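Keep the viewer open as you read.

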Amino acid sequence: MALESGLRGARVLVTAASRGIGFASARAFLGEGARVVVNSSDAARLTAATDRLGALGEVHGVVADLRHRADLDRLLEETVRRLGGLDTLAYVTGSPRPGVFLEQEYEDWSRAAELLVVSPAYLARRAAEAMLAHGRGGRMVFLTSIAIREPIPNLATSSVCRIAVAGLVRTLARELGPRGIRVNGILPGFIATDRLREVLADAARRKGTAPDAERAALESEIPLGRVGEPEELARTVVFLGSELSAYVSGALLPVDGGLLRSVG
Ligand SMILES: NC(=O)c1ccc[n+]([C@@H]2O[C@H](COP(=O)([O-])OP(=O)(O)OC[C@H]3O[C@@H](n4cnc5c(N)ncnc54)[C@H](OP(=O)(O)O)[C@@H]3O)[C@@H](O)[C@H]2O)c1
């Protein structure tokens with residue numbers, strides 16, 4: 001039996017997609033024949049991304065800062081205007097700065113909460129309205145982190161705020177399931193992107209080591225022996241954002257090379 005994603009012609013919004021996990025996810029959706037809107041906060045980086053993605057299919061860029069309500073409203077409105085509706089939301093976002101708990105100021109918590117709590121919840125509300133308006137249901141996939149199961153040293157704000165996304169996923173799965181919208185979350189471990197380079201450089205600076213040494217130490221802890229590639233993460237985004245996962249809702253799926261040890 002051939003596996004069908006059902007994504008040909010599907011209308012997909014991928015946020016925070018000028019590079020890294022979001023970019024790889026947009027590329028994977030385009031590979032399945034979806035029509036895609038990508039977003040980021042930086043016009044030049046987003047244009048570079050749409051230039052690369054344009055060869056693969058229909059792609060539109062919308063510059064919007066995910067921390068700002070007016071930008072979130074405009075992002076959803078532009079998406080619906082350009083695609084004629086919305087079938088899949090793949091929510092990726094930016095990162096709070098690394099650091100231990102005692103370094104975090106009030107402003108760090110505000111910024112992290114805007115990026116990791118308020119933004120996904122508000123965009124989900126607007127996306128749900130768009131999906132309900134056309135009566136065909138939909139799918140939402142939220143990127144969070146393995147930090148929701150085991151806090152990551154030196155990522156204090158992330159380890160606290162990303163737990164909210166797990167609550168969001170479970171809340172929406174219950175509320176929106178009866179209306180035909182499935183909602184799931186992904187818990188990435190360590191994926192080879194600019195964000196990982198930032199985290200490794202910060203760890204090396206604190207310990208007086210080198211980023212390569214930090215990466216080797218990290219990889220020695222991962223059962224599969226290496227960090228993941230963005231494309232490997234993107235396949236899971238496509239799985240949860242398509243009909244391949246038709247009976248999956250409310251799941252929080254680690255993609256971490258086996259790193260998480262917690263049971264349940
Ligand atoms: N890589 C990992 O190992 C890992 C693991 C767990 C969780 N995560 C999380 O997953 C998310 C994506 O990670 P990544 O590794 O792909 O990061 P990345 O390579 O640093 O890419 C981040 C993306 O977010 C966009 N962005 C940043 N701030 C934004 C804002 N305010 N509004 C809109 N777009 C914004 C950036 O685009 P512009 O700069 O063009 O705006 C860029 O496209 C992050 O939240 C990260 O913390 C990553």
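A residue counts as near a molecule or strand if its C-beta atom, placed from the backbone, lies within 6 Å of it. This is a predicted model, in which local features need pLDDT of at least 70, side-chain atom pairs count only at pLDDT 80 or more, and totals for chains, interfaces and linings use all residues. Residues are numbered from 1 along each chain as its sequence is written.

Around the ligand there are 29 residues, of which Ala-16, Gly-20, Ser-40, Gly-94 and Thr-193 come nearest. Two or more shell residues come from each of helix H1 (20-31), strand S2 (35-40), helix H2 (43-53) and helix H7 (194-207). Helices (H or I, at least four residues) and strands (E, at least two) are DSSP runs, numbered from the N terminus. By type, the shell holds 11 nonpolar, 11 polar and 7 charged residues; here Ala, Val, Leu, Ile, Met, Phe, Trp, Tyr, Cys and Pro count as nonpolar, Asp, Glu, Lys and Arg as charged, and the others, Gly among them, as polar.

Now step back to the whole chain, which is divided into domain 1 (11-190 + 230-255) and domain 2 (192-227), with bounds from an automatic or database domain assignment. Why does the ligand lie between the domains? Both domain 1 and domain 2 give residues to its shell, so it lies between them. The domain centres, taken over C-alpha atoms, are separated by 25 Å. Contact (C-beta atoms, placed from the backbone, within 7 Å) links 9 residues of domain 1 with 12 residues of domain 2.

Next, look for the open sheet: 7 strands in the order S3-S2-S1-S4-S5-S6-S7, with parallel pairing. Two strands pair if DSSP finds at least two bridges between them. Strand S3 (59-63) and strand S7 (252-255) stand at the edges with a single partner strand each, so one side of each has no neighbour in the sheet. S2 and S3 run parallel and are joined by 5 bridges.

Key
Two residues are in contact if their C-beta atoms, placed from the backbone, lie within 7 Å.
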